[in-house]
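Hi everyone, thanks for coming. Let me walk you through a structure that may be new to you; please have a look at it first.

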Amino acid sequence: MTDNDPSVPEPNDSTNAGGPETDTETNSNEKAYWSENIRLLWTLMAIWFVVSFGAGILFRDFLDQFSLGGYPLGFWFAQQGSIYVFVLLIFYYTWKMKKIERKYDLDD
Amino acid sequence: MDTQTLIYIFVGLSFSLYIGIAIWSRAGSTKEFYVAGGGVNPVVNGMATAADWMSAASFISMAGIIAFSGYDGSVYLMGWTGGYVMLALLLAPYLRKFGQFTVPDFIGTRYYSKTARVVAVICLIFISFTYIAGQMRGVGIVFSRFLDVPITMGVIIGMGIVFFYAVLGGMKGITYTQVAQYCVLIFAYMVPAFFISFLVTGNPIPQLGLGSTVNDGSGLYVLQKLDLVLQDMGFGAYTDGSKSMIDVFCITAALMVGTAGLPHVIVRFFTVPKASDARKSAGWALIFIALLYTTAPAVGAFARINFIETVDQTEYAKAPAWFKNWESNDLIAWTDKNGDGKMEYRSGNAFAGSPEFTGETGASGERLIANTVNPDSENEVYVDRDIMVLANPEIANLPGWVIALVAAGGLAAALSTAAGLLLVISSSISHDLLKSTFRPQITEKGELLAARIAATAAIIVAGYLGIYPPGWVAQVVAFAFGLAAASLFPAIFMGIFSKSMNKEGAIAGMVSGLVFTFSYIAYFKLIAPDANIAANWLFGISPEGIGVIGMIINFAIAIAVSKMTDSPPVEVRKLIDSIRVPRGAGDAATH
């Protein structure tokens, strides 16, 4: 048996179908869109790392000297706070990406 | 009405609801069977994902683990939620844009290779079966304790229900039953949590209750009181862990990345209409999950306080009914070391291993055990962590209907996850192995039939594992995450974010990640369990956290091999361009 997968689909080119742009213009538009997405990803993943691995684990002992109600702060991040931030991160990304996609006319 | 009758009514009602939904949502095509037709509303899908995700381990075991390990339990809280950020940001929208049916579909197509597809199927089946065995144990515990039927019968009833909606309805049936199961399980989790939080702190919201003062007049905060009481009894402080920082870090990371690489979770995002819906859906899924996950640490802490207050220094003869109920289910034991008839609860094991009852009763009426008593500890009480959530309503003296609700909730959690796992196993066999690899000429009808036969076979194997659990099953369930992190996640991630990753690199990466992680776990858990101590671990990382190292190995080998071999063909580069932009997802789903 050959190793080539028979189900490789034709590349989906509907993204630039019907548009007046030439190939190169579309590509630079898509490239700009992609690098803006990557920048946003880096920022949000950095926050993701800081609230969980940072505040909840690496700097927990330091943060535990402060408290939030009856919670030591590091403990709060580990068992409550990081989860709240995770939810906010996803919804912010969803909202921001919609804006970026509209800007480059690539939304679905 | 007595509690037992209420339990039968609640469980019976919830089961008829699931069967009703199964009949209403039968699947007619492979697309309906695999991805529910691809038209599920993102919020509905979020709810189904939450039920799919929250297994018997989340519902039954997690709060118990946190209750007995305090800060160390954070690895599960962060690990099993943080993965959704990775899913929403790094994987889900692109996989939805790619728009086929299974995870091996993506890997096989992106890496233009049948071998890659088959390797992905092997990883998937391995991960899913280790995971599903744990669900069956959950079903068994709930049935034997609450419905008073033998575990075998309980597992058979549970499998019958899952058979009904997974085999008939496929993903479509599963999606809508999971929505119902989410409602049952979250209600069942929150109601006792509100009650108990109110009883202990006077604040009914558990998330706030855990940060409040105990209403016993002492003016201490809940966590302060726990720290003091536990240290008095010889335990470490509740807010301090016993695991090393590097181990906590690695376990959390392995669980997060593993979550993002679990096929039964990923495949849920194939069911929404658009790529942007996949992101939204992951957000909703995490909201529904966070509701339970931010409640669990409160439930755990309150359960620990209640447990200490009702058990420690109580005469066995006056022990509450729940204590004796669980004792008769082998999950609690007491051995009167100092012969005073009172139960001393202290740190350390009361005796070696889990209880082996002799069948005789002692002076106070307790069930005697044959285990060797541990002379180094004053502790006389053995308690299985898994009972905390189930016993909580009884410990707090809540009304019978709350106990019945918890029984129905535990079953909903176990069954919803089992169904999701069965579906990815059956579709990987009918779609990836038959249709895409060995018998491409199979008809749509034949493929659908094959999917149903595969689902039936998978249910039988899962049921067998539930009735005759091999000793290692309960031990390795948590390791499904490490395996997913070390095998599937890097292949999918690089498939989206790197245009130069080729089939040779991806296959070498997956195989080495899987083999390394599996060997490390197998060595410490199966071959040499006695050597499973921190001093022997690689960099001090326990088998639970080793998936992270497996993942790094996967990435490193994949990149090295891809540099030495041909770059991927032009069509594949175009495919990557296409999945990176959201427009046109509807078209992608129809090819």
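Before we start, one term: a crossing of two helices is called left-handed if the near helix is turned anticlockwise from the far one by less than a right angle, and right-handed if it is turned clockwise. Please also keep in mind that this is a predicted model.

In chain B, helix α7 covers residues 114-147 and helix α16 covers residues 400-438. Their axes come within 8 Å and cross at roughly 155°. Angles over 145 degrees count as roughly antiparallel, and α7(B) and α16(B) are therefore roughly antiparallel to each other. The crossing in which α7(B) passes α16(B) is left-handed. Who takes part in this contact? Sorted by class, the contact of α7(B) with α16(B) holds 17 nonpolar, 8 polar and 3 charged residues.

Here is another pair from chain B. Helix α13, residues 275-311, packs with helix α15, residues 387-395, at an angle of about 55°, and the axes are 10 Å apart. At that angle, α13(B) and α15(B) are therefore oblique to each other. Their crossing is left-handed. If you want to find the contact on your screen, look on α13(B) for V299(B), A303(B), N306(B), F307(B) and T310(B), which meet M388(B), V389(B), N392(B) and I395(B) of α15(B). In this contact there are 6 nonpolar residues, 3 polar ones and no charged ones.

Let's zoom out to the place where the chains meet. How many residues of chain B are in contact with chain A? There are 59 of them, and they touch 47 residues of chain A. Several elements of chain B give two or more residues to this side, among them α5 (74-98), α10 (222-232), α11 (245-261) and α23 (570-580).

A few words on chain A itself. Chain A has 3 helices and 2 strands, and from the N terminus on they come in the order α-α-β-β-α. Of the 108 residues in chain A, 32% are buried. Taking the contacts in chain A with a separation of 6 or more, 49% are between residues 24 or more positions apart.

Next, the inside. The largest nonpolar core has 234 residues. Among the residues with the most contacts inside this core are V162(B), L185(B), I289(B) and L422(B). Helix α8 of chain B, residues 151-201, supplies the largest share, 21 residues. Let's pick out L422(B): leaving aside its neighbours within four places in sequence, L422(B) is in contact with V162(B), A166(B), A455(B), A458(B), I459(B) and A462(B).

Helix α6 of chain B is worth a stop as well. Is α6(B) mostly covered or mostly open? Mostly covered: 8 of its 8 residues are buried. The buried residues include P104(B), F106(B) and I107(B), and also D105(B) and R110(B). They pack against α5, α7, α12 (263-266), α16, α20 (488-497) and α23 of chain B. After α6(B) comes Y112(B), with a positive phi near 35°.

D105(A) is not a glycine, yet its phi is positive, about 55°. D105(A) sits in the segment after α3 (73-103) of chain A, and it counts as exposed because it has 12 C-beta neighbours inside 10 Å. In chain B, F539(B) is not a glycine either and has a positive phi of about 55°. You will find F539(B) in the loop between α21 (503-527) and α22 (547-564). With 10 C-beta neighbours inside 10 Å, F539(B) counts as exposed.

Last stop: L220(B), in the loop between α9 (206-209) and α10 of chain B. Because 16 other C-beta atoms lie within 10 Å, L220(B) is partly exposed. Apart from its neighbours within four places in sequence, L220(B) is in contact with T213(B), V214(B) and K225(B). The C-alpha atoms of L220(B) and G300(B), 80 residues apart along the chain, are separated by 18 Å.

How values were computed:
Residues are numbered from 1 along each chain as its sequence is written. Chains are lettered from A and ligands numbered from 1 in the order in which they are written. This is a predicted model: local features need pLDDT of at least 70, side-chain atom pairs count only at pLDDT 80 or more; totals for chains, interfaces and linings use all residues. Axes are lines fitted to C-alpha atoms, for helices over the stretch in contact, and angles run from 0 to 180 degrees between N-to-C directions. Helices (H or I, at least four residues) and strands (E, at least two) are DSSP runs, numbered from the N terminus. Angles under 35 degrees count as roughly parallel, over 145 as roughly antiparallel, 65 to 115 as roughly perpendicular and the rest as oblique. Ala, Val, Leu, Ile, Met, Phe, Trp, Tyr, Cys and Pro count as nonpolar, Asp, Glu, Lys and Arg as charged, and the others, Gly among them, as polar. Two residues are in contact if their C-beta atoms, placed from the backbone, lie within 7 Å. A residue is buried if 20 or more other C-beta atoms lie within 10 Å of its own, exposed if 12 or fewer, and partly exposed in between; C-beta atoms are placed from the backbone. A nonpolar core is a set of buried Ala, Val, Leu, Ile, Met, Phe, Trp, Tyr and Cys residues joined through C-beta atoms within 7 Å.
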